[in-house]
Amino acid sequence: MYRIGHSTDIHRLEPGYKLIIGGVRIPHTVGSVGHSDGDCLLHTVCESLIGALSLGDLGKLFPDTSEEFKGINSSLLVQQVMKVVKEKGYRVVNIDSTIFLESPKLLEYKEEMRENIAKLLEIDVDYVSVKATTSEKVGFIGRKEAIMTESVVLVERIK
């Protein structure tokens, strides 16, 4: 049995925060605001897995009111979700993600993001897609006010 999960996340961009995307620290003048480390991409990776298994959403498992998760490395959240995925008898088949960000350009960082995600999901990097696009200067992304990511994951029952 196969199941598909999808997630979209949006974070404000502001000075004084780090820009971390897919576990990669990217030098920039603004960063992603979040209760955790603000890694918008890893948040959609987590939530797409949570959605594939009908477990609610990211806030249900990791409430932004909890001090336990304040400033936490989002890779640790993915690892916790992967424990649940395995406990439920599933494995990740592949994942496809898109980053919507006006600047900076992400070409030189995407391969490292793919490698990080592959390691976290315990799959080969060939089954991890990370794309980046702008919004052509339209809307809150085009005005450089926010980052948005989307992820779609396919999981397969193995038990």
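Predicted model: local features only at pLDDT ≥ 70, side-chain atom pairs only at ≥ 80, totals over all residues.
Five strands make it up, and they come in the order 4-1-7-5-6. The sheet is open and its pairing is mixed. Strands 4 (31-32) and 6 (128-133) sit at the edges with a single partner strand each, so one side of each has no neighbour in the sheet. In general terms, strands of a sheet pair through backbone hydrogen bonds, and they can do so parallel or antiparallel. Both kinds turn up here. Strand 1 (residues 2-14) and strand 4 run antiparallel and are joined by 2 bridges; Leu-13 has Ser-32 of strand 4 as its bridge partner.

Strand 5 (90-100) takes part in both kinds of pairing. With strand 7 it pairs in the antiparallel sense, over 10 bridges, and here Tyr-90 stands opposite Arg-157 of strand 7. With strand 6, strand 5 runs parallel, and 6 bridges join the two.

Now for the helices. Helix 1 (residues 40-52) lies across strands 1, 5, 6 and 7, and it runs at about 150° to strand 1. Helix 4 (residues 110-121) has 12 residues and spans 16 Å from its first C-alpha to its last, close to the 16 Å expected at 1.5 Å a residue. Its buried residues are Met-113, Arg-114, Ile-117, Ala-118, Leu-120 and Leu-121. These cover an arc of only 165° around the axis, so they fall on the same side of helix 4. What do the buried residues of helix 4 pack against? Their partners are strand 2 (20-21), strand 3 (24-25), helix 1, helix 3 (74-87), strand 5 and strand 6.

Next, the cysteines: the structure holds 0 disulfides. Cys-40 counts as buried because its relative accessibility is 1%, and Cys-46 counts as buried because its relative accessibility is 0%.

That leaves the backbone. As a rule, most residues other than glycine have a negative phi, and most peptide bonds are trans. A few spots in this model go the other way. Ser-103 and Pro-104 are joined by a cis peptide bond, with omega at about 5°, and Pro-104 lies in the loop between strand 5 and helix 4. Just after helix 4, Glu-122 takes a positive phi of about 60°.

Phi is positive in each: near 55° for Glu-136 and near 65° for Lys-137. Are these residues buried or exposed? Glu-136 counts as exposed because its relative accessibility is 66%, and Lys-137 counts as exposed at 66% as well.

Conventions
Residues numbered from 1 in each chain as written. Heavy atoms only, no water. Pairing = 2+ DSSP bridges. Helix = DSSP H or I, 4+ residues; strand = E, 2+ residues; numbered from the N terminus. Contact = heavy atoms within 4.5 Å. Axes fitted to C-alpha atoms, helices over the stretch in contact; angles between N-to-C directions. Expected span 1.5 Å × (residues − 1). Buried < 20%, exposed > 50% of the residue type's maximum accessible area, 1.4 Å probe, protein only. Arc of directions from axis to C-beta. Disulfide = S-S within 2.5 Å.
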